[in-house]
Amino acid sequence: MSDTAVRVADATGNWVDTLAPAWSRPYLRLARYDRPIGSWLLLMPCWWAAALAAGMAGSLSMLPAWIGLYFVGAFAMRGAGCTWNDITDRDLDARVERTRSRPIPAGQVGVRQALAFLVAQALVGLVVLLQFNRFAIGTGIASLLIVAIYPFMKRVTWWPQLVLGLAFSWGALMGFAVAFGRIDATALLLYAGAISWVIGYDTIYAHQDAEDDALIGIKSTARLFAERTHLALVIFYALAVVLIAGAFVTAHVHVAAWVGLACFAVHLGWQIRRLDIADSALCLRVFKSNRDAGLLLFAGLLVDAVMRAS
């Protein structure tokens, strides 16, 4: 079978498929380097927390290092999480049109090879984690339980997106654990806001597979909300903005951060207005646009941190 024939269905035309050495492609696909949007979305709460904490501390001395370490850690751990997800979901993935071309169900990588690759990625994440203080190391390790159970949640609850939110928003806690060696009210409010954001955008993502999921009995908030998805997004996106605003109030941010949050909120409103849950391609585009939403908020926090430190 040609390499073109075994490309992942929703990731054709990317650098992995066109530039990476042939032997590496199945592993890069396992780690989703052909579709890095998830790594960016995992990274956003880390960067939010790093910039917010730097502003609270009034110092930028460690911010560049934190930004770089979080970038490497997010890509490594998202890759490890996706590899674990593909190992546990290999039988289900083979029954869903969009996922049957993933490396394990497509026969490009065996389970033992995938497990070895998972360990290698986790070791990269561990090296990043060991650069931080003991409290942050313990906080990072605690997230592994959520990561481990997440792939099984779609079998037992209509709310797997909530569990994903707990995992993908963990960076909001890590940023404060790294900066201050503690988790305070500001961190918890930012974490809760990020969770609401994740529930919203992953509901959009899950609408791509809603019909196949119904056939094989997989649960999701996309199936739960169905035609009420727009209303649900209004609720969860509004809750995200309110909770993040609460974090800003406790952190005493200045105007730049509020401008970033306003831009973030406008972007989320645009998503709701633009979305058509019957259009899978549009669902994917709207989902991917959340990286831009996250970067808008980060930009506001970064400017705020610079202004407060000067």
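## Confidence

The protein chain has an average pLDDT of 93, and 96% of its residues score at least 70. Residues 1-5 stand apart, with a pLDDT below 50. Beyond near neighbours in sequence, that stretch makes 4 contacts in the model. Everything described here comes from a predicted model.

## Overall build

The protein chain holds 16 helices and 0 strands. Its radius of gyration is 19 Å, close to the 19 Å that the globule rule gives for 310 residues, so the chain is as compact as a globular protein of that length. Along the principal axes, the C-alpha atoms fill a box of roughly 60 × 45 × 35 Å.

Of the 310 residues, 55% count as buried. The chain exposes about 13100 Å², and carbon and sulfur atoms supply 68% of that area. Take the contacts between residues at least 6 apart in sequence: 73% of them join residues at least 24 apart.

## Helix H14

Helix H14 covers residues 255-274, which makes 20 residues. From first C-alpha to last, H14 reaches 29 Å, close to the 28 Å expected at 1.5 Å a residue.

Which residues of H14 are buried? They are Ala256, Ala257, Gly260, Leu261, Phe264, His267, Leu268, Gln271 and Ile272. Seen down the axis of H14, these buried residues fall within an arc of 165°, so they line one face of the helix. An α-helix has 3.6 residues a turn, so residues three or four places apart point the same way. On the other side of H14, Val255, Val266 and Arg273 are exposed. The cover over the buried residues of H14 includes helices H3 (37-57), H10, H13 (229-251), H15 (280-288) and H16 (290-309).

## Thr186 in helix H10

Thr186 belongs to helix H10, which runs over residues 185-206. Is Thr186 buried or exposed? Its relative accessible area is 3%, so Thr186 is buried. Setting aside neighbours within four places in sequence, Thr186 is in contact with Leu52, Met56, Phe176, Ala247, Thr250 and Ala251.

## Met77 in helix H4

Met77 sits in helix H4, residues 63-88. Met77 has a relative accessible area of 31%, so this residue is partly exposed. Which residues does Met77 touch, not counting those up to four places away in sequence? They are Gln121, Ala122, Gly125 and Leu144.

Note on methods
Residues numbered from 1 in each chain as written. Predicted model: local features only at pLDDT ≥ 70, side-chain atom pairs only at ≥ 80, totals over all residues. Heavy atoms only, no water. Helix = DSSP H or I, 4+ residues; strand = E, 2+ residues; numbered from the N terminus. Buried < 20%, exposed > 50% of the residue type's maximum accessible area, 1.4 Å probe, protein only. Contact = heavy atoms within 4.5 Å. Expected span 1.5 Å × (residues − 1). Arc of directions from axis to C-beta. pLDDT = per-residue confidence, 0-100. Rg over C-alpha atoms; globule rule 2.2 N^0.38 Å. Areas by Shrake-Rupley, 256 points an atom, 1.4 Å probe, with all protein chains shown as cover.
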